[in-house]
Structures are given as structure tokens and as C-alpha cells.
Amino acid sequence: MPDAVVIGAGPNGLVAANLLADAGWTVEVLEAQGQPGGAVRSDRGVHPDYVSDLFSAFYPLAAASPVLARLDLANEGLRWSHAPSVLAHPLLDGRCAVLERRVEDTSTGLAQFAAADGESWQDMCRVWDRIGPDLVGALFTPFPPVRAGLRAAAKLRTSGGLRLARKLALPVRRLGEEEFTGEGGRLLLAGNALHADLAPEAAGSGGFGWLMSMLAQSHGFPVPIGGAGALTGALVSRLQRLGGVLRCGERVASVVVRGGTAVGVRTATGETVGAHRAVLADTSAPALYRDLVGEEHLPSRLLCDLERFQWDFATFKVDWALTGPVPWSAPGAAGAGTVHVADGLNGLTRFASQIATGHVPDEPFALFGQMTTADPSRSPAGTESAWAYTHLPQHITADAGPDGITGTWDTREQEAMADRVEAQVERFAPGFRALIAARRILSPTTLQSMNENLHNGAINNGTTALHQQLIFRPTPGTGRPETPVKNLYLASAAAHPGGGVHGAPGANAAQAALRHRGVHALLHRAQRI
């Protein structure tokens with residue numbers, strides 16, 4: 001019997017398993033899919049000569065993560081690559097806001113939109129340089145982040161104090177208006193905010209847009225050389241070197257609970273795998289509590305709170321094998337790994353408003369990845385392995401476009417939505433569609449079938465909005481990985497600090513399991529109140 005069973009071999013599950021193995025625990029990881037990685041996988045499914053990332057692709061949070069840094073994955077052969085420019089937001093008139101690798105180069109570009117905006121960007125970066133490392137440390141620390149939080153609070157006082165806190169609470173549209181005169185800086189902030197399900201007018205979207213923009217400036221948007229699967233491969237290699245066991249194709253059907261304590265899991269084939277010390281679940285919160293544990297083992301308040309759990313936006317993705325570089329009308333977009341494709345800030349607001357009212361957007365905001373630009377090993381010289389994803393409502397009420405998309409995602413609807421995404425890219429890159437040698441469509445239901453945590457294509461395991469963060473994630477409580485069931489820990493992005501590939505939820509769950517005594521045992525009981 002292993003000391004711990006980990007449900008799910010996504011990045012958080014694998015991080016948790018590695019840390020437990022580091023502590024000398026025996027660990028067994030059970031993964032429902034035929035291969036590990038969760039949303040960190042790559043393949044050659046679009047074209048045999050092209051490597052495509054199935055889900056996530058760029059990893060600024062991984063680059064900044066103290067959790068992953070401590071694992072020293074370079075020792076397992078993991079290497080990173082960067083595009084010449086981090087990201088770009090082209091406009092239809094040929095102008096382009098570009099976040100470059102160097103602060104000075106980003107500032108020079110933004111000054112072309114408004115002379116003072118270059119200095120405004122540098123002011124933002126100077127604030128980040130003072131508080132960024134401590135802020136990231138606090139973000140990735142188990143809640144409450146006492147030591148890291150105190151350090152960050154002290155730095156906050158010297159970096160503007162309440163005024164900075166106010167800025168971070170602003171909607172990103174307002175933050176951009178206060179900080180920049182021209183459109184360029186505003187676009188960088190707002191586009192980065194919409195990597196999550198935060199509209200430009202949402203409270204706190206300014207803080208998220210600022211965080212992602214500063215991470216992009218300080219760490220870039222790196223990619224694993226050879227594909228996203230290289231990151232998973234490094235985590236698996238490290239775990240197995242430490243004696244950990246990984247079993248793929250093993251779906252967990254339930255958590256075995258006796259006397260209020262998790263003592264193991266039961267697989268879909270009927271096998272019982274005992275756990276001497278802990279069960280850690282890299283699953284969504286609704287799946288863990290409703291499907292794996294069962295309502296009879298849970299307090300009524302938690303069950304009521306789950307009725308109010310909010311998923312983030314659905315996601316629709318298209319992968320392409322292109323025969324040449326993307327012909328952007330704005331030359332500044334050519335060297336960027338990530339391109340934000342939307343008609344200015346008002347286009348972002350229009351897009352988010354359509355989603356808020358349940359409409360499939362007619363001009364979807366597309367996050368576009370130029371993977372060969374970021375890592376030349378992804379496809380033959382002179383070609384481009386590319387993808388784009390856009391967001392959709394979780395519950396579709398109508399289609400703002402002409403295709404009558406309802407969310408059944410049959411072949412007609414998938415093709416229509418993929419054509420709509422391509423048409424949006426074509427507006428900014430005339431001739432793009434002529435370069436397509438092959439494409440793959442990943443609808444919301446397809447994404448979920450490939451990774452059950454991606455509920456209808458929700459990529460963050462729950463909304464990033466303020467009402468479901470910190471002590472409210474995934475439901476109101478302590479903001480920690482302990483659950484109402486003793487020795488059972490939530491180790492996925494459904495737990496604080498949420499989505500992104502950084503490993504913090506898995507690390508937090510592992511630390512809680514390792515320290516299960518005294519106050520940590522009380523936290524399990526606190527979840528039952």
C-alpha cells in the first residue's frame with residue numbers, strides 16, 4: 001500500500017507526487033487518460049512534420065514559479081525557448097503594440113502611440129521590480145501566506161501602498177486609461193487580462209492584466225523545446241527516478257472513505273488502491289465532491305456552496321500546420337510568440353459582453369500562438385506550427401454570428417466556428433487561409449473528453465473573478481487544500497491560487513499532507529463547519 005494516492009497526472013498532480021516522493025513517501029499516481037500531462041501535452045496529430053501543443057503552450061507562470069524552480073527540471077532535460085518578441089496586439093491600421101524581451105524596447109514601441117507612454121511602462125516595471133518577487137512568492141504559498149505576505153506588504157508600503165492596491169483592484173480598461181495616453185499600453189494590459197475570464201470592465205481585471213504583463217516583461221512567455229509534453233516528461237522522469245509509480249488508463253471511480261477519513265480509491269475496473277497516509281485529487285472541485293466522495297460524506301453547507309460554483313468561459317481551439325509565416329499586416333506581430341487578435345480595446349469589450357449575454361461572439365478575440373517562431377524545432381524551416389483559441393459562453397443562448405451555433409458541436413458547428421476564427425485572423429493577416437496545409441478543431445466538448453478537468457472547455461478550473469479567489473476558492477472557506485474528509489486534499493487549479501501551469505495547488509496539497517498534525521488536522525475539521 002502506497003503512502004499516498006494521487007488522482008490525476010496533470011502538472012499539479014505530478015508536482016504533488018514529486019514533493020511527496022522527495023519527502024520519502026511512496027506514491028502512486030492514477031491517470032484516466034492514456035498518457036500523463038493533463039493540459040500540458042503535445043503531439044503530431046495535425047501533421048506528422050509539425051509538433052502541436054494540445055492545450056496550454058506558453059508558460060510565464062512556470063518560469064516565475066518557485067515551486068517548479070525547486071524541482072530543478074533542467075536536470076531531467078527540460079529546456080526552454082523564447083520567441084524574438086513576447087507578444088503583440090496588431091491593429092487593422094498596421095500599428096502594433098509589442099511587448100518585447102527588453103523593457104527599453106517595449107517602452108520605445110509604446111512611445112510611438114503616445115510620447116509619455118514609454119516612461120509610464122518603465123514606471124510599472126520599476127514597481128514590479130520592487131514587489132514582484134515577493135508578490136509571486138505570496139501568491140504561490142499556502143494560504144494564508146504569512147511570511148511571504150508580510151514581505152510583500154512591506155514592499156507594498158514603499159511602492160505606493162493603498163494607491164497601488166487601488167490600481168490593482170481597477171477594471172483593466174480604467175487602469176489603462178489612468179496609466180497610458182495612447183492605445184498601445186492599454187491593449188497590452190487588457191489583452192493579458194482576457195487570458196482569463198475577466199472582461200475589461202470587471203473589477204480586479206486590472207490587477208490580473210498587470211500581473212500577466214509584468215510576468216511577460218520579466219520572464220517572457222517561454223515554451224518547452226520540442227513541445228509542451230517535454231515539461232510533463234520532465235516531471236514524470238523525476239517522479240519515476242524517485243520511485244514513484246504512474247499508471248495511465250486507470251480512471252478513479254470513487255474515493256474510499258471510512259469513519260470520515262480517506263483511506264484509498266476505487267478504480268473504474270473495481271480495483272481498490274489503499275493509501276496509508278493521504279489521497280490528493282488533481283480534479284475539479286465539483287467532480288471530487290459530487291462524483292468521487294459523495295454527498296453522504298460532506299457537510300450540507302459545502303453542497304450548497306457547490307451549487308454556486310462558477311466555471312470560467314468555455315474554450316474553442318484550432319491547430320494549424322502552415323506552409324509559411326503568418327502574413328500579418330502589422331509587421332510588429334511577425335516575431336511574437338503570442339498574438340492578441342481583436343479590433344482594439346472596444347473589440348475586447350464587445351467580445352466579453354457577447355459572452356456575458358450567452359452569445360457566441362461574431363468577431364471572436366483570438367489568442368494566437370506562433371510556435372515555430374518561439375521554438376524552431378516545432379516544424380520545418382520556413383513553416384509555422386500555429387494555433388488559436390477563443391472563449392465562448394458556458395451556456396449558449398444565441399449566436400451573434402450568421403451560423404446559428406447552438407453548442408451541440410456537431411461537425412457543422414465545429415467547422416463554422418473554426419471558419420469564424422480563421423476569418424478573424426484573416427482580417428489582420430490577409431492570405432493566412434491560403435497557408436493552411438492542415439487543421440485540427442478542438443471544440444469545448446472535445447477538450448473535456450481529452451481532459452475531464454476542462455469542463456466544457458473551461459481551462460482554469462473555475463472563474464478567475466474575485467468572488468472565487470483566495471478564501472473563496474473553490475468555495476468559501478480557508479483557501480487551503482484540506483477538505484472536510486480527513487487525509488483528502490484538493491490538489492488542482494480549483495484550489496488557491498488557481499489556474500495556470502505553476503504547480504502551486506499541487507505543492508500546497510503536498511505540504512498540507514506532509515504536515516498533517518496539530519493545526520493542519522484542525523483545518524480538515526474547519527471545512528466541515
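Which residues does L215 touch, not counting residues up to four places away in sequence? L215 touches P60, L61, A64, W128, V136 and G220. Contact here means heavy atoms within 4.5 Å.

This is a predicted model, in which local features need pLDDT of at least 70, side-chain atom pairs count only at pLDDT 80 or more, and totals for chains, interfaces and linings use all residues. Residues are numbered from 1 along each chain as its sequence is written, and side-chain values use heavy atoms, leaving out hydrogens and water.

**Cores**

L215 belongs to the largest nonpolar core, which has 52 residues. Such a core is a set of buried Ala, Val, Leu, Ile, Met, Phe, Trp, Tyr and Cys residues joined through side-chain atoms within 4.5 Å. Buried means under 20% relative accessible area, with a 1.4 Å probe and protein chains only. F58, W121, W210 and L215 touch the most other members. Helix α5 (residues 117–139) gives the largest share of this core, seven residues. Another core, of 37 residues, lies apart from it; A4, A62, L71 and A512 are among its members.

**Helices**

Helices are DSSP runs of H or I, at least four residues, and strands are runs of E, at least two, numbered from the N terminus. The axes of α5 and α10 (residues 205–219) come within 10 Å and cross at roughly 100°. That makes α5 roughly perpendicular to α10, a label for angles of 65 to 115 degrees. Axes are lines fitted to C-alpha atoms, for helices over the stretch in contact, with angles from 0 to 180 degrees between N-to-C directions. On the α5 side, the contact includes W121 and W128; on the α10 side, it includes W210 and L215.

Helix α11 (residues 229–241) has buried residues L231, T232, A234, L235, V236, R238 and L239. These residues pack against the elements below.

| Partner of α11 | Residues |
|---|---|
| α1 | 11–22 |
| β2 | 27–31 |
| α3 | 66–71 |
| β5 | 80–81 |
| β8 | 223–224 |
| β9 | 245–248 |

After α11 comes G243, with a positive phi near 95°.

**Sheet**

Seven strands form an open sheet with mixed pairing, in the order β7-β6-β15-β17-β18-β14-β20. Strands pair if DSSP finds at least two bridges between them. β7 (96–100) and β20 (436–442) stand at the edges with a single partner strand each, so one side of each lacks a neighbour in the sheet. The twist averages 20° from one strand to the next. β14 (residues 314–322) and β18 (residues 384–392) run antiparallel, joined by nine bridges. K317 has Y389 of β18 as its bridge partner. Helix α16 (residues 411–428) lies across strands including β6, β14 and β20, running at about 125° to β20.

Methods:
Buried means under 20% relative accessible area, exposed over 50%, partly exposed in between (1.4 Å probe, protein chains only). Angles under 35 degrees count as roughly parallel, over 145 as roughly antiparallel, 65 to 115 as roughly perpendicular and the rest as oblique.
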